[in-house]
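Q: Could you take a close look with me at one part of this protein? I would like to understand its charged side chains and what surrounds them.

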Amino acid sequence: MDDLADRGRYPHRDEVVAYLTAYADRSDAEIRTGCRVSAVRRTGAGFEVGLEGGDRLSARAVVAASGTFGRPHRPVLPGLEEFTGQVLHAADYRSPAPFTGRRVVVVGAGNSAVQIAVELAETARVTLATRGPVKFVAQRVLGRDLHFWLTRIGLDTAPLGRFLSRPPAQPVLDDGRYRATLAAGQPERRPLFTGAGGTKLVWPDGQREEVDAIVLATGYRPDLPYLARLDGALDAEGDPRHREGLATNVPGLAFVGLEWQRSLSSNSLRGVGRDAERIAWRLAAPLARR
């Protein structure tokens with residue numbers, strides 16, 4: 001990974017997989033793959049972890065490290081339930097080929113929304129629908145990637161997560177191409193539709209338009225149904241109750257990989273290790289006193 005940073009590019013999918021595989025090979029921990037957790041329960045001073053298939057594990061502490069991106073977020077949008085055309089989340093989008101020649105609306109103002117809309121606009125008639133203007137930030141500053149500067153100035157590791165009730169919206173990283181294509185109307189950007197009926201959407205100006213498909217590039221939430229039986233672990237929306245990764249209501253439970261868990265980089269490969277080490281120490285201290 002350090003070599004890739006020196007070459008000024010992001011790792012490809014296979015490089016990330018190879019990195020994680022090599023990391024696992026160096027670990028002396030027991031690693032079970034293809035093994036889904038069905039439920040975590042309290043058992044006295046510890047926990048019982050139930051696995052699909054019936055196996056059970058016991059533990060004095062549990063770390064939910066399944067990250068932020070397991071549950072595609074489908075917000076309540078005006079009229080969406082009445083829309084009878086195709087609706088899919090960005091998690092299910094693979095390529096523009098199935099949408100060739102169709103009328104498509106992409107909902108969202110983040111990186112995924114803009115990237116999908118720009119790609120689709122090459123073969124389809126596309127509108128990017130957002131609640132407000134799309135905010136861009138330069139991908140490279142003074143010849144270096146933005147993430148280099150975030151690390152250099154300390155924002156990457158600053159413990160700001162405790163002050164955020166909700167993660168802030170992320171701007172679109174851009175080398176100038178996305179801003180230019182939106183400015184040229186390829187795709188066009190419009191305010192979010194105000195209603196729907198059948199295969200038609202209603203725009204704020206009252207126009208009703210036939211639409212074939214809606215792509216929801218509306219982000220993700222943590223997927224933690226296996227913690228539902230731990231009273232106080234999750235809020236009403238299924239999101240974890242925690243402070244910098246430690247569960248606020250369930251002693252011995254912690255989280256790793258959450259967006260803004262502690263800092264800007266908490267849910268990234270470059271930041272999750274710092275949080276994991278900190279969580280390990282904070283869990284180990286009370287366990288050692290038992």
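Which residue forms a salt bridge with R103, and how far apart are the closest N and O atoms?

A: Happy to walk through it. This is a predicted model, in which local features need pLDDT of at least 70 and side-chain atom pairs count only at pLDDT 80 or more, while totals for chains, interfaces and linings use all residues. Residues are numbered from 1 along each chain as its sequence is written, and side-chain values use heavy atoms, with hydrogens and water left out.

The partner of R103 is E209, with the closest N and O atoms 2.7 Å apart. The pair brings together distant parts of the chain: E209 belongs to strand β16 (residues 208-210) and R103 to strand β7, 106 residues apart. Strands here are DSSP runs of E with at least two residues, helices are runs of H or I with at least four, and both are numbered from the N terminus. A salt bridge is counted when a side-chain nitrogen of Lys or Arg lies within 4 Å of a carboxyl oxygen of Asp or Glu.

Are these two partners buried or exposed? E209 is buried, at 10% relative accessible area, and R103 is buried too, at 4%. Buried means under 20% relative accessible area, exposed over 50%, and partly exposed in between, using a 1.4 Å probe and protein chains only.

Now for the wider setting. Salt bridges with shared partners connect R103, R125, E188, R190, D205 and E209 into one network. The structure holds 15 salt bridges. Another of them joins E244 to R162, again with the closest N and O atoms 2.7 Å apart. Here E244 is buried at 7%, whereas R162 is partly exposed at 37%. In the salt bridge between R56 and E48, the N to O distance is 3.3 Å; R56 is exposed at 54% and E48 is partly exposed at 24%.

Back at R103, its strand β7 belongs to an open, parallel sheet of 5 strands in the order β6-β17-β7-β8-β13. Its edge strands, β6 (86-89) and β13 (188-191), each pair on one side only; pairing requires at least two DSSP bridges between two strands. Helix α3 (residues 111-120) lies across β7 (103-107), β8 (125-130) and β17, running at about 165° to β7. That angle is taken between N-to-C directions, from 0 to 180 degrees, with axes fitted to C-alpha atoms, for helices over the stretch in contact; contact means heavy atoms within 4.5 Å.
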